[in-house]
Amino acid sequence: MITADRGNAPEVRIEENAFHRGEAIALDAAPHESGGILVGWWEGDGIAVVRGLLAVPDHRAGHTHYERRHTPAQQVLDEYLATSSEPNVGYVGEWHSHPTPQPPSPTDRHALTGLVRQARHSVALVVLAVMSEHAVEAYSLIGEPCWPSRATIKPADVERIAP
Ligand SMILES: [Zn+2]
């Protein structure tokens, strides 16, 4: 692997096995959307390391709709943290699938902006777009708070890393 000086390019590094779990959930849910929360940590400026794509079921999810509900998401996060031995691990963002080869939508960017404004810290979004019966493509955005109460949304490179 070539490691170049990336400057400040936002990046989401997803552990290979976490990616495969998310991929399986996305393929399974198609033609509906599915999703949940990302757990991991932030490394330096604008780099999210993702250890897990946790599923938060939304029984009302449709072809172009997935809503991550707060209460079940909090439960899923609490359960994960209770079994994790990593002190640094926590919520880093959100993910959902698109059953068609579509990158993050304007609605997704809008939702991310809302989350960042509320959280007042960086939030990552990963979209797993189903490209074929067996393959998904990962897209990512990172939202950062920006004075006084706005958010900047930047596309981030997705890198798959060994655990
Ligand atoms: Zn979406």
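Leu38 has contacts (heavy atoms within 4.5 Å) well beyond its sequence neighbours: leaving aside those within four places, its partners include Val50, Leu53, Tyr91, Trp95 and Val126. This is a predicted model, where local features need pLDDT of at least 70 and side-chain atom pairs count only at pLDDT 80 or more, while totals for chains, interfaces and linings use all residues. Residues are numbered from 1 along each chain as its sequence is written, and side-chain values use heavy atoms, without hydrogens and water.

**Nonpolar cores**
- Leu38 is among the residues with the most contacts inside the largest nonpolar core, which has 20 residues.
- Such a core is a set of buried Ala, Val, Leu, Ile, Met, Phe, Trp, Tyr and Cys residues joined through side-chain atoms within 4.5 Å; buried means under 20% relative accessible area (1.4 Å probe, protein chains only).
- A second, separate core of 13 residues includes Ile37 and Leu54.

**Strand S1**
- Four of the five residues in S1 are buried; strands here are DSSP runs (E, at least two residues), and helices are H or I runs of at least four, numbered from the N terminus.
- S1 pairs (at least two DSSP bridges) in parallel with S3 over four bridges, and Arg13 stands opposite Val49.
- Five bridges join S1 to S7, also in parallel.

**Zinc site**
- His96, His98 and Asp108 coordinate the zinc ion at 2.0 to 2.5 Å; donors are N, O and S atoms within 2.8 Å of the metal (3.2 Å for Na, K and Ca), and sites may look incomplete without water.
- His98 lies in strand S4 and Asp108 in helix H3, 10 residues apart.
- Both His98 and Asp108 are buried.

Key:
Buried < 20%, exposed > 50% of the residue type's maximum accessible area, 1.4 Å probe, protein only.
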